[in-house]
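Q: I am new to this structure and would like to go through it step by step. Could you guide me?

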2 protein chains.
Amino acid sequence: MASAELSSILAALGRDATARVRRAIRPLGITAHQYLVLTQLADLGLTSQTALASALGLDPSNLATTISELVDRDLVDRCRDDADRRRYAVTLTAAGTKLLRKAHTAIAASESDLLTALDPGQQAQLHTLLRRIADGAELCPAAGDDACD
Amino acid sequence: MASAELSSILAALGRDATARVRRAIRPLGITAHQYLVLTQLADLGLTSQTALASALGLDPSNLATTISELVDRDLVDRCRDDADRRRYAVTLTAAGTKLLRKAHTAIAASESDLLTALDPGQQAQLHTLLRRIADGAELCPAAGDDACD
DNA sequence: TATTGTTATACTCTATAACTATA
DNA sequence: TATAGTTATAGAGTATAACAATA
């Protein structure tokens, strides 16, 4: 990775990070996609699937599948939005919240060796820079409407 | 991506970066994997497949497939290492070098909007931090032996 | 016995198009 | 006509195990 573009470095580190996440959460019985959705739901509270998809950079068609899996396992709740009945309103269940907490712990433990190369100040700096790119690039915040029940 | 671990942010940005690379090089008729291998070969000169695999963080079994595809298209050259005949010695061909140059150009053009969120100083900083992680984490440099012909 | 690389296979992820239903 | 979501499908990427050849 000697003289690569930013895209290539990000792609390589991203692949490594994804593999790390996958290994860490495998004992919990969820995939990386499922974990991503749970995390995003925890952040956004209640949202539509389109909002979720664009926030995560996933294709809506794939998100539909992932959410169905999570609903089947009672980790998320999906019901029609009364204000716009095309939409679904999606939220975490108590079980989903609980499992997500376990996942966070497992992942945090697994990334410690990633961070040993940086001192705390550098870690914070990196976090800030990455977030700035993520926010600026294409991840639209997307507002969650109300509804459900 | 409000309150996520470093792994999650890296995974998300990595996915985006991979998609960006894929779109950029699609007109050239190569996959992201193939591009990665070409890039790495340009950096390392002549190497074994094991060295390549560990440098890229790819599984050797998948690398075998990718390299075969590249050999079929005459973008890389693969022949047995005389010093250790288990090994292959892999290099870029002239055609591979040429195609790689086009790919670099296409990718550089496609990542400009990624970088608008950061000023030049921050871009350099980010590059440094990511490289430090990449070097420290698990990407072993791997020495390329001599051989071929 | 350990290492280099291959093949086969199963699973996950990505991307597209065609579709339903609501607006 | 446009938007939210679904289904189906094909292609790309990831992971594992079993194997051949060489060291």
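**Protein and DNA contacts**

A: A polar backbone atom of A:Arg85 lies 3.0 Å from a phosphate oxygen of DNA strand C; a polar contact is a pair of N or O atoms within 3.5 Å, and within protein one atom must be able to donate a hydrogen and the other to accept it, while residues adjacent in sequence count only if both atoms are side-chain atoms. This is a predicted model, in which local features need pLDDT of at least 70, side-chain atom pairs count only at pLDDT 80 or more, and totals for chains, interfaces and linings use all residues. Residues are numbered from 1 along each chain as its sequence is written, chains are lettered from A and ligands numbered from 1 in the order in which they are written, and side-chain values use heavy atoms, with hydrogens and water left out.

Q: Which residues are the closest to DNA strand C?
A: They are A:Asp59, A:Ser61, B:Gln49, B:Thr50 and B:Tyr88, out of 25 residues that surround DNA strand C. A residue is near a strand if one of its heavy atoms lies within 4 Å of it. Of the atoms of DNA strand C within 4 Å of the protein, 63% belong to sugar and phosphate.

Q: What does B:Arg86 approach on DNA strand C?
A: A polar side-chain atom of B:Arg86 is 3.0 Å from a base oxygen of DNA strand C.

Q: Now DNA strand D. Which residues are the closest there?
A: A:Gln49, A:Thr50, A:Arg78, B:Asp59 and B:Ser61 are the closest of the 25 residues around DNA strand D. A polar side-chain atom of A:Gln49 is 2.5 Å from a phosphate oxygen of DNA strand D, and one of A:Arg86 is 2.9 Å from a base oxygen. For B:Arg22, a polar side-chain atom lies 3.5 Å from a sugar or linking oxygen of DNA strand D.

Q: What classes of residue make up the surface near DNA strand D?
A: That surface has six nonpolar, eight polar and 11 charged residues. Here Ala, Val, Leu, Ile, Met, Phe, Trp, Tyr, Cys and Pro count as nonpolar, Asp, Glu, Lys and Arg as charged, and the others, Gly among them, as polar.

Q: Changing topic, how many residues of chain A are in contact with chain B?
A: 45 residues of chain A are in contact (heavy atoms within 4.5 Å) with 46 residues of chain B. The two chains bury about 4800 Å² between them, 64% of it on carbon and sulfur atoms; this is the accessible area (1.4 Å probe) lost on putting the two parts together, summed over both.

Q: How many residue pairs are in polar contact across that interface?
A: Eight, with both residues at pLDDT 80 or more.

Q: And what supplies the largest share on the side of chain A?
A: That is α1(A), with 14 residues; helices (H or I, at least four residues) are DSSP runs, numbered from the N terminus.

Q: What is the mean pLDDT of chain A?
A: The mean is 87, and 89% of the residues of chain A reach 70 or more. pLDDT is the predictor's confidence in each residue, from 0 to 100.

Conventions. Helices (H or I, at least four residues) and strands (E, at least two) are DSSP runs, numbered from the N terminus.
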